[in-house]
Amino acid sequence: MLQDAAVLAYASVTEILDRIWTAADVSVPLVKILRDGDETKVDKRAITWSKVTASSIVLVREEATGRRYRLRTVKVTLGNCDDAACKVIPIDGKARPGAEVYLLHERQALFIEQLHDRLAELEQALHAAPKLLEDVRHLLFLTGVLIDTQRCQGKEQAAALRAFEQAKGYHDAARRMLIAGKTAVAAERIHAAMRRIAIAAAQIAQSCAAGQQSIVPAKLAVTPEDETDLGEEN
């Protein structure tokens, strides 16, 4: 999904995270704690023995501030069990009916904790990457406005459109690279390269909007250094 330029370039962060978590929940499923009279019960597959706490535990997932979810390990004392579920009494921490818990017979708690950490890092990157390229997007928007003017016509408009589409393609590549988790130094290089390209595209569009003929260059010039910095294999 992150390789889908259309999704990455135009979808909101919330929409992307919704898709990621939907896929994660299929691969790492959850169930809900249920009420059984005055007691609570849970699917037996959500209970495991923890050597760390020396007790049975359930792994509760809750909504969080600053990230989509947080995890809580809750120690429980087991009551009566049937083939499907066990009555549980939380020892510390809350595990109320309706709370979501992971099926720990399929994935170990450590794996799920690491998954949450990675997705939290991705969420942070998804929020940060668009901000880093915000000035570039403003330049590209200006470029589109200048192209769509009365004096920008004919082959000059076609050249400006080619430059705009090429710059937009580099923008999509830059955003993918930033979300992939480039270092701060690499991120600054990517931003600088993208800004130079966006400025060049805007200058071509500005010349076209001014009615200038025979735009030079007719094609957006990209330096070898910028091409290297925006090469997605790096």
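Two disulfides are present in the structure, which is a predicted model. In sequence order of the bonded cysteines, the pairing runs 1-2, 3-4.

Cysteine 81 is partly exposed, at a relative accessible area of 43%. Cysteine 86, by contrast, is buried at 4%.

The other disulfide joins cysteine 152 to cysteine 208, with the sulfur atoms 1.8 Å apart. Cysteine 152 sits in the loop between α4 (134-147) and α5, and cysteine 208 sits in helix α6 (residues 184-209), so the bond ties together parts 56 residues apart in sequence. The S-S torsion of cysteine 152 and cysteine 208 is about 100 degrees, so this disulfide is right-handed. Both cysteine 152 and cysteine 208 are buried.

Leucine 178 belongs to helix α5 (residues 154-179). Its relative accessible area is 9%, under the 20% cut-off, so leucine 178 counts as buried. Beyond its neighbours within four places in sequence, leucine 178 contacts Ala129, Leu132, Leu133, Ala187 and Ile190. The C-alpha atoms of leucine 178 and leucine 133 lie 9.5 Å apart, although the two residues are separated by 45 residues in sequence.

The largest pocket has a volume of about 260 Å³. It is lined by 13 residues, of which Thr48, Trp49, Ser50, Ile57 and Ala109 are closest to the centre. Strand β4 (48-50) and helix α3 (109-132) each supply at least two lining residues. The largest share, 3 residues, comes from β4. By class, the lining of this pocket comprises 5 nonpolar, 5 polar and 3 charged residues.

Terms used. Residues are numbered from 1 along each chain as its sequence is written. This is a predicted model: local features need pLDDT of at least 70, side-chain atom pairs count only at pLDDT 80 or more; totals for chains, interfaces and linings use all residues. Side-chain values use heavy atoms; hydrogens and water are left out. Helices (H or I, at least four residues) and strands (E, at least two) are DSSP runs, numbered from the N terminus. Buried means under 20% relative accessible area, exposed over 50%, partly exposed in between (1.4 Å probe, protein chains only). Contact means heavy atoms within 4.5 Å. On a 1 Å grid over the protein atoms alone, a cavity is a set of points where a 1.4 Å probe fits but cannot get out, and a pocket is an open set with protein on both sides within 12 Å along at least five of seven lines; lining residues have an atom within 4 Å of a point. Grid points are joined across faces, edges and corners, and a volume is the space filled by probe spheres set on the points. Ala, Val, Leu, Ile, Met, Phe, Trp, Tyr, Cys and Pro count as nonpolar, Asp, Glu, Lys and Arg as charged, and the others, Gly among them, as polar. A disulfide is a pair of cysteine sulfur atoms within 2.5 Å.
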